[in-house]
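I opened this model to take notes on its fold, its metal site and a few residues. My entries follow.

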Amino acid sequence: MSESFHEQLVEQRRYLHQFPEVGWTEFETTWYIVQKLQSWGFNVHIGREVIDEKSIRGRNLELVNEARSRAAAHGVPEAFLQKTEGLTGCLAEMDFEKKGPVLVFRFDIDALPVQETDSVDHLPNREGFRSKREGIMHACGHDCHTSIGLTVARWIAEHKDELSGKIKIIFQPAEEGSRGARTVAASGIIDDADFFFASHIGMQAKYGEVIIDPYGFLCGSKYDVTFIGRSAHLGADPHKGRNAMAAACSATLQLLGIARHGDGMTRVNVGTFHAGRARNAIPDRATIEVDIRGETMAINDYMCEEAQNIFAGCAKSYSVGLEVIDQGTVCDLVNDRESVDVLRRCAQKIPAIKTIIEKSDFGGSEDAAILARHVQSKGGLAAFFVVGADHLVGHHQPEFDVNEEALDVGFEMYVNLVKEICATSLA
Ligand SMILES: [Zn+2]
């Protein structure tokens with residue numbers, strides 16, 4: 001591979017790593033991406049063209065506005081911020097002269113509320129590109145994904161005369177929490193896709209390995225549950241209070257005790273718990289954030305039904321009100337056979353790939369599943385793959401990092417996909 005592509009991959013990744021933004025606040029990231037795409041001649045869509053507002057879940061307007069101001073202070077032009085309509089992410093489109101298939105790629109761009117480690121062994125500390133944002137970090141490798149997507153875009157622009165059909169590249173916001181994909185799908189902007197590909201770096205693969213047909217994408221649902229009680233003085237009127245915290249505690253313990261399903265894997269977690277106002281007052285509000293997963297949609301549905309019974313039952317038994325906000329459901333992902341064959345051919349041409357793993361258990365949820373299912377439901381083909389990266393610790397941890405050579409492998413996989421599907425005269 002040409003040296004300049006490698007340099008671009010690393011440079012962009014290291015830049016993005018310094019300025020991480022959590023889901024729905026990726027204004028600076030989007031601006032960075034859009035500038036580059038436009039300079040290479042892409043038609044770039046942003047705002048409501050890409051994101052269906054009605055399908056948005058888990059978007060904190062306060063955080064969004066804060067991020068917008070920060071982006072403006074950091075040099076992002078006001079005219080651009082206005083054009084985003086407050087919505088992050090974008091889609092790059094390039095139409096080639098000769099007719100051919102519509103090929104869609106998805107790269108996710110958001111970071112996580114994780115505080116990056118201070119360890120001197122951590123590459124971003126050693127090389128001076130650690131996160132400049134307190135408590136926010138690219139701890140899942142989406143900085144790498146974005147950099148790969150951009151570099152592939154540049155390659156496409158440089159080879160546009162040799163390509164046919166149309167390529168659309170989604171730079172998707174809010175992958176974490178499975179929030180962004182549904183909004184892109186609902187916008188209709190990839191309804192014409194013939195082929196859809198997305199990937200993740202790291203996961204269960206080592207550097208030199210590529211997984212071309214991962215399975216076991218967990219289905220998942222998220223709920224924000226608030227118990228609404230009544231405050232009263234602990235000493236004078238305890239009988240007049242309705243204890244929301246007690247209901248939330250009870251619900252938490254019961255959720256963790258839901259009987260597991262005999263047909264497959266399940267997960268349940270209460271990740272946050274907020275309740276109470278003062279030591280001597282009966283707590284009138286308690287909110288928990290609940291995350292449920294199931295190996296199949298049927299198993300996920302079973303877990304959700306049990307959870308809903310617990311929410312309602314605990315509210316009833318403590319005589320408190322209940323408010324459940326559904327923060328969305330993610331589905332499983334099954335690669336199309338033909339797409340797996342294409343991925344295998346692409347991988348075989350890359351010398352750095354020593355092992356092509358056909359089947360491997362993904363063991364997590366992936367927002368791209370919603371886009372893949374959307375494309376498949378309209379008659380297109382879809383697949384998801386994993387590029388090994390020798391990450392030392394698991395995803396979402398403060399020490400998360402990857403072998404940057406893996407960026408090249410990811411880049412070459414996508415370039416080969418373009419050659420397989422859109423090339424007219426390339427060897
Ligand atoms: Zn991720």
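**Entry 1: a strand residue**

I started at alanine 383, which lies in strand β12. Helices (H or I, at least four residues) and strands (E, at least two) are DSSP runs, numbered from the N terminus. I am working on a predicted model, where local features need pLDDT of at least 70, side-chain atom pairs count only at pLDDT 80 or more, and totals for chains, interfaces and linings use all residues. Residues are numbered from 1 along each chain as its sequence is written, and side-chain values use heavy atoms, with hydrogens and water left out.

Is alanine 383 buried or exposed? Its relative accessible area is 1%, so alanine 383 is buried. Buried means under 20% relative accessible area, exposed over 50%, and partly exposed in between (1.4 Å probe, protein chains only).

I then listed the contacts of alanine 383, leaving aside neighbours within four places in sequence: Phe196, Phe197, Ala198, Asn335, Ser339 and Leu343. Contact means heavy atoms within 4.5 Å. I also checked alanine 369, 14 residues away along the chain; its C-alpha is separated from that of alanine 383 by 9.0 Å.

**Entry 2: helix α11**

Next I looked at helix α11, residues 368-377. Seven of its 10 residues are buried, so α11 is largely enclosed by the rest of the structure. The buried ones are Ala368, Ala369, Ile370, Leu371, Ala372, His374 and Val375.

What covers them? I found β3 (98-108), β4 (164-172), α7 (181-187), β5, β10 (321-330) and β12 among the covering elements. Just after α11, glycine 379 takes a positive phi of about 95°.

**Entry 3: the zinc ion**

Which protein atoms are the donors of the zinc ion? I noted Cys140 (SG), His142 (NE2) and His200 (NE2), lying 2.2 Å from the zinc ion. Donors are N, O and S atoms within 2.8 Å of the metal (3.2 Å for Na, K and Ca); water is not among the atoms, so sites may look incomplete.

The donor residues follow the spacing C-x1-H-x57-H in sequence. Histidine 142 lies in helix α6 (residues 142-158) and histidine 200 in strand β5 (residues 195-201), so this pair ties together parts that are 58 residues apart in sequence. Both histidine 142 and histidine 200 are buried.

**Entry 4: positive phi**

Most residues other than glycine have a negative phi. Methionine 203 is not a glycine, yet its phi is positive, about 50°. Methionine 203 sits in the loop between β5 and β6 (209-215). Its relative accessibility is 22%, so methionine 203 counts as partly exposed.

Histidine 396 also goes on the list, with a positive phi near 75°. I placed histidine 396 in the loop between β12 (381-387) and α12 (405-422). Histidine 396 counts as partly exposed because its relative accessibility is 37%.

**Entry 5: the whole chain**

I finished with totals. The chain has 12 helices and 12 strands. Buried residues make up 57% of its 427 residues. Of the contacts between residues at least 6 apart in sequence, 84% join residues at least 24 apart.

The C-alpha trace spans about 85 × 50 × 45 Å along its principal axes. I counted 44 positive and 62 negative side chains, with the centres of the two sets 4 Å apart. Lys and Arg count as positive and Asp and Glu as negative; His and the chain ends are not counted. The place of a charge is NZ of Lys, CZ of Arg, CG of Asp or CD of Glu.
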